[in-house]
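Biologist: Could we go through this complex together? I would like to begin with the contacts between the chains.

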Amino acid sequence: MSLQTVEAIEEYIVTYIERELHISSSEIDCDMSLGAFGMSSKSGLKLVGLLEDRLDIRIDPKLIFAHPTISRLSSALLDLLQK
Amino acid sequence: MFAKSEMTDFEIFSAAGSLPVQDVLAIRTWLTPDQLLFTFLDDDGEEAGHLTYRGLWLRCRAVAAELSASHPPGSRVILFYPPGLDFVAAFVGCLMARCIAVPVNLPVRRRVGRSVGIIEDCGATVALAPSDQIAEFKKSFEDTTASDLHWIVTDTLPLDEAADDLPFSRSVADMNAVAYLQYTSGSTSNPKGVMITFDNMTTNCRMIRDTLRLNEDSTMVFWQPHHHDMGLICSVLLPIVIGNHTVLMTPNTFVRQPMLWIQTISKYRAEVAGGPNFAFDIASERYSAAKLAGVDLSNWRLALNGSDIVRATTLDRFVERFEPHGFKPETFLVCYGMAEAVLFLSAGPVGRKPRYAIVDVESLELYGRVRSPSSQAQGRRLVGCGEPSWEVEAIIVDAETRRRLPDGEVGEIWINSPTVGLGYWENPDETERVFHGKLADNATKFYLRTGDLGFIHPDDRQIYVCGRIKDLIISEGRNLHPEDIEYSIVEALSAAGDSNAISCAAFNAQQGDEQLIVAVVELNRALKRNLAESGPDIENAVRRAVAADHGVTLHQLLFVPPTAMCKTTSGKVQRGLMRQLYAGGALKSLEGAEAIA
């Protein structure tokens, strides 16, 4: 899976949340706040690390706080990628 | 003490093992002032800070001078620092001023309450913090009982470059005075601070040095938080004692990029690095061949694994992953210890592969005996947590009769060691219960009651830890480990469509003459939905699993929201508290889930 579109990044994050926080993907709304899924600072940092590896960029962990929904985070990540 | 022109290597070795760490720092500053002691890495693994022996000495002196000017020896000083070198100077500075250091986690968001509880418990009137965060921390205590704390910034204190005058006498007259308080046990509402003396601290560092055969060439890499015992001892105090170079990273860097930890071990040719069991799991999970190109782990001599249950499968998987990079199975050093005895009690022998005991589950659960498995399905592989240090007496005791049990039988682990602390700060009842364990036939000797359940294997002298004693579940005369029942429940729930990290607490509850087995499960969204769809089926599957695995009836299964689940700061479920809440009628299952079954 290459993460070159917002949709692909969204799907990657949804899969992570499903696995890490045990929430079924059908329950995950990309416009909901990440905090509402029970994302802790530890699971957030793990996600940042995984995304860094997949996208091959450095990501400031604060990006999650600045863009706290899956869709907003995905757009911000794509912007970073295209820079 | 320092009226000498030189010291032999023997003298230095024994001084480092018998003087408190601030005096050892004085000697090393005199011997090797410009040698690098600490390197601190930023989130990218780049060097972001350094301290030489003299550099640390000057900074500690500045902290001590500032503290001594306003606070008498014995004052409790609370330390709020992010990971980094400022903490080291602040902590050792407190020791120099003979103030009692109280290292805690940062007071942010929902942790403020816990900080306030600790400040109230220990009666601290002064807090130390770095200049760039002090305003934020101060603000978090507004409108709390801790709002009148006196704050001291330590990282901008002026250094007296002329402070090379080394002390001519020991800095501590009474080695049995309290050096610091370690708040790791106890709940948020009832914090318990272990009183660690200068002698406890000094002795434990010496025990680690000797058991692990550490010297000035033993470069170490650590990322453990300094408010936990492992981070405080291994990454702050031990380096000064052994006189090495130590590389520090933050816990966040590790969680985000576990491979950076592995790369750092290779880059600095570290001999010592480690963490709790989960660290090795995360590193295996995030293994990346691309990132590890050229990584050489052949210098890694000791991979410490302690402070949590050590799993054989974790060790296997890590070896499989990292053996191609030069990691050797005998590098694993499984350890046992606890904050009540500073940190370290047992490990090793070093340089040998971990020891395993394959025991019969039924025999272990039913009779508390260690036997070979009657069939393959009955076998469970336990990992040996090392031989006790020669300075430690570890015995296995029947907690009810307070009689010593023979090797190979399961009981409570009791410890007599010069590293056992004085007790819990201003808590005589808990101190008496935990620190003053006495055997039925010998009331003259005190033991620390660890609350851990385990055995000493007659074949290999290793301590094997099976669980916690006070959480034991008794059913029809059988002793069951709640971990085992919880494991079955979580497995059954996973099979019903949820995966592994569901928290669950299983315990006994008295009803009339009957001992019931109750399990409380933390509800998450997926579980909630599954229960709505097929609640009775799931509950039945759980009961079936518990019965099949352990031969006992699970009487009650409750589902509660995450907020109702009591956990320690490290995220472990507090069964004792959950049991109390249940007994007091304070636990209500959501959606009448238990009524269905």
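Biologist: How many residue pairs are in polar contact between chain A and chain B?

Modeller: Ten residue pairs are in polar contact between chain A and chain B, both residues at pLDDT 80 or more. A polar contact is a pair of N or O atoms within 3.5 Å; within protein, one must be able to donate a hydrogen and the other to accept it, and residues adjacent in sequence count only if both atoms are side-chain atoms.

Biologist: Which elements give two or more residues to the side of chain A that touches chain B?

Modeller: They are α1 (6-21) and α2 (41-55) of chain A, helices being DSSP runs of H or I with at least four residues, numbered from the N terminus. The most comes from α2(A), with eight residues.

Biologist: And what is the basis of the model?

Modeller: It is a predicted model, in which local features need pLDDT of at least 70 and side-chain atom pairs count only at pLDDT 80 or more, while totals for chains, interfaces and linings use all residues. Side-chain values use heavy atoms, without hydrogens and water; residues are numbered from 1 along each chain as its sequence is written, and chains are lettered from A.

Biologist: How many salt bridges does the rule find across the interface?

Modeller: Four, between chain A and chain B, with a side-chain nitrogen of Lys or Arg within 4 Å of a carboxyl oxygen of Asp or Glu as the criterion. One salt bridge joins R286(B) and D53(A), at 3.1 Å from N to O.

Biologist: How many residues does each chain bring to the contact?

Modeller: Chain A brings 19 residues and chain B 17, where contact means heavy atoms within 4.5 Å.
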